[in-house]
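Please keep the model open beside the text and locate each element as it is named.

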Amino acid sequence: MDRSKFAVLFIIVAILIGVASWSWVNLFVTPEYNPEVAHEYLERFYMRCDARFDESVCDDAVGNHHRSCFTGHLEYDVPQEEGGRRTVHYDFDAYLDCMNQGVEVELNGAGR
(Lines give C-alpha, C1' and ligand atoms only; values in the text may rest on other atoms or scores of the structure.)
Protein backbone atom coordinates (compact mmCIF):
# COMPACT_ATOMS: atom_id res chain seq x y z
CA MET A 1 0.00 0.00 0.00
CA ASP A 2 1.50 3.34 -0.92
CA ARG A 3 1.74 6.28 1.48
CA SER A 4 -1.27 8.24 0.20
CA LYS A 5 -3.63 5.31 0.73
CA PHE A 6 -2.24 4.77 4.22
CA ALA A 7 -2.75 8.48 5.06
CA VAL A 8 -6.36 8.41 3.84
CA LEU A 9 -7.04 5.22 5.78
CA PHE A 10 -5.51 6.75 8.91
CA ILE A 11 -7.68 9.89 8.59
CA ILE A 12 -10.84 7.81 8.13
CA VAL A 13 -10.03 5.68 11.19
CA ALA A 14 -9.29 8.82 13.24
CA ILE A 15 -12.64 10.33 12.23
CA LEU A 16 -14.51 7.14 13.11
CA ILE A 17 -12.81 6.97 16.52
CA GLY A 18 -13.71 10.61 17.13
CA VAL A 19 -17.35 10.08 16.19
CA ALA A 20 -17.57 6.98 18.38
CA SER A 21 -16.00 8.82 21.34
CA TRP A 22 -18.28 11.82 20.92
CA SER A 23 -21.36 9.59 20.74
CA TRP A 24 -20.34 7.59 23.81
CA VAL A 25 -19.84 10.77 25.85
CA ASN A 26 -23.19 12.19 24.74
CA LEU A 27 -25.01 9.00 25.63
CA PHE A 28 -23.32 7.90 28.84
CA VAL A 29 -21.43 10.81 30.42
CA THR A 30 -23.99 13.58 30.29
CA PRO A 31 -24.32 15.53 33.53
CA GLU A 32 -27.35 15.08 35.75
CA TYR A 33 -27.82 18.82 35.99
CA ASN A 34 -29.43 20.98 33.33
CA PRO A 35 -26.74 22.76 31.24
CA GLU A 36 -29.24 25.53 30.48
CA VAL A 37 -29.37 26.38 34.18
CA ALA A 38 -25.58 26.59 34.24
CA HIS A 39 -25.69 28.96 31.27
CA GLU A 40 -28.40 31.07 32.90
CA TYR A 41 -26.35 31.34 36.12
CA LEU A 42 -23.33 32.35 34.06
CA GLU A 43 -25.25 35.09 32.27
CA ARG A 44 -26.67 36.44 35.54
CA PHE A 45 -23.20 36.48 37.08
CA TYR A 46 -21.78 38.34 34.08
CA MET A 47 -24.46 41.03 34.35
CA ARG A 48 -23.58 41.66 37.97
CA CYS A 49 -19.83 41.34 37.53
CA ASP A 50 -19.55 43.55 34.45
CA ALA A 51 -21.40 46.31 36.30
CA ARG A 52 -18.72 46.36 39.01
CA PHE A 53 -15.45 45.19 37.49
CA ASP A 54 -13.43 45.17 34.31
CA GLU A 55 -14.44 42.51 31.79
CA SER A 56 -11.06 40.77 32.07
CA VAL A 57 -11.59 40.19 35.80
CA CYS A 58 -14.99 38.66 35.13
CA ASP A 59 -13.63 36.49 32.32
CA ASP A 60 -10.80 35.21 34.54
CA ALA A 61 -13.24 34.47 37.38
CA VAL A 62 -15.53 32.55 35.05
CA GLY A 63 -12.66 30.65 33.46
CA ASN A 64 -11.18 29.61 36.79
CA HIS A 65 -14.22 29.20 39.04
CA HIS A 66 -17.53 28.73 37.17
CA ARG A 67 -17.49 24.95 36.87
CA SER A 68 -16.45 24.28 40.47
CA CYS A 69 -18.85 26.91 41.83
CA PHE A 70 -21.77 25.59 39.81
CA THR A 71 -21.28 21.91 40.55
CA GLY A 72 -20.18 22.59 44.13
CA HIS A 73 -23.56 23.96 45.23
CA LEU A 74 -25.75 21.27 43.68
CA GLU A 75 -27.73 18.97 45.94
CA TYR A 76 -29.19 15.68 44.77
CA ASP A 77 -32.22 13.85 46.14
CA VAL A 78 -31.92 10.10 46.41
CA PRO A 79 -34.62 8.51 44.23
CA GLN A 80 -37.45 6.76 46.05
CA GLU A 81 -37.55 3.75 43.76
CA GLU A 82 -34.78 1.83 42.09
CA GLY A 83 -33.90 3.16 38.68
CA GLY A 84 -35.50 6.51 39.41
CA ARG A 85 -33.77 9.67 38.30
CA ARG A 86 -32.22 11.83 41.00
CA THR A 87 -33.60 15.33 41.41
CA VAL A 88 -31.15 18.24 41.30
CA HIS A 89 -31.62 21.30 43.50
CA TYR A 90 -29.96 24.54 42.41
CA ASP A 91 -28.96 27.44 44.67
CA PHE A 92 -28.13 30.67 42.85
CA ASP A 93 -27.13 32.49 46.03
CA ALA A 94 -24.53 29.83 46.90
CA TYR A 95 -23.23 29.95 43.31
CA LEU A 96 -23.03 33.74 43.38
CA ASP A 97 -21.20 33.75 46.73
CA CYS A 98 -18.66 31.29 45.35
CA MET A 99 -18.19 33.31 42.16
CA ASN A 100 -17.76 36.53 44.15
CA GLN A 101 -15.02 34.80 46.12
CA GLY A 102 -13.52 33.83 42.78
CA VAL A 103 -13.55 37.49 41.70
CA GLU A 104 -11.74 38.41 44.90
CA VAL A 105 -9.14 35.71 44.21
CA GLU A 106 -8.63 37.08 40.70
CA LEU A 107 -8.36 40.65 41.98
CA ASN A 108 -5.85 39.70 44.67
CA GLY A 109 -3.86 37.50 42.31
CA ALA A 110 -3.54 40.24 39.71
CA GLY A 111 -2.58 42.89 42.24
CA ARG A 112 -5.50 45.10 41.25
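1. Helices and strands are here the runs assigned by DSSP, a helix having at least four residues and a strand at least two, and they are numbered from the N terminus. In this predicted model, the chain contains four helices and two strands. Their order along the sequence is α-α-α-β-β-α.

2. Two totals describe the chain as a whole. It has 112 residues, of which 23% count as buried. Among contacts between residues at least 6 apart in sequence, 66% join residues that are at least 24 apart.

3. Helix H3 deserves attention next. It covers residues 55-72, which is 18 residues. From the first C-alpha to the last, H3 reaches 24 Å, close to the 26 Å expected at 1.5 Å a residue.

4. Which residues of H3 are buried? They are Val57, Cys58, Ala61, Val62, His65, His66, Cys69 and Phe70. An α-helix has 3.6 residues a turn, so residues three or four places apart point the same way. The student may wish to compare this rule with the buried positions in H3. These buried residues pack against two other helices, H2 (35-52) and H4 (92-109).

5. Leaving aside residues up to four places away in sequence, His65 touches Met99, Gly102, Val105 and Glu106.

6. His66 also lies in helix H3. Why does His66 count as buried? The reason is its relative accessibility of 15%, since the limit for a buried residue is under 20%. With residues up to four places away again excluded, the residues touched by His66 are Ala38, Leu42, Ala61, Tyr95 and Met99.

7. The next point concerns how helices pack in pairs. Two packed helices are described by the angle between their axes and the distance between the axes. For H3 and H4, the axes come within 8 Å and cross at roughly 135 degrees. H3 is therefore oblique to H4. The crossing of this pair is right-handed.

8. The contact between H3 and H4 can be traced residue by residue. On the H3 side, it involves Val57, Asp60, Ala61, Val62, Asn64, His65, His66, Cys69 and Phe70. On the H4 side, the residues met are Tyr95, Cys98, Met99, Gly102, Val103, Val105, Glu106 and Leu107.

9. At what angle do H2 and H4 pack? The angle is about 50 degrees, and the axes are 11 Å apart. H2 is therefore oblique to H4, and H2 passes H4 in a right-handed crossing. H2 contributes Tyr41, Leu42, Arg44, Phe45, Arg48 and Cys49 to the contact, while H4 contributes Phe92, Tyr95, Leu96, Met99, Asn100 and Val103.

10. Glu32 is placed between helix H1 (3-28) and H2. With a relative accessible area of 33%, Glu32 is partly exposed. Glu32 and Arg86 are 54 residues apart along the chain, yet their C-alpha atoms are separated by 7.9 Å.

Key. Residues numbered from 1 in each chain as written. Predicted model: local features only at pLDDT ≥ 70, side-chain atom pairs only at ≥ 80, totals over all residues. Heavy atoms only, no water. Expected span 1.5 Å × (residues − 1). Buried < 20%, exposed > 50% of the residue type's maximum accessible area, 1.4 Å probe, protein only. Contact = heavy atoms within 4.5 Å. Axes fitted to C-alpha atoms, helices over the stretch in contact; angles between N-to-C directions. Parallel < 35°, antiparallel > 145°, perpendicular 65-115°, else oblique. Left-handed = near helix turned anticlockwise from the far one by under 90°.
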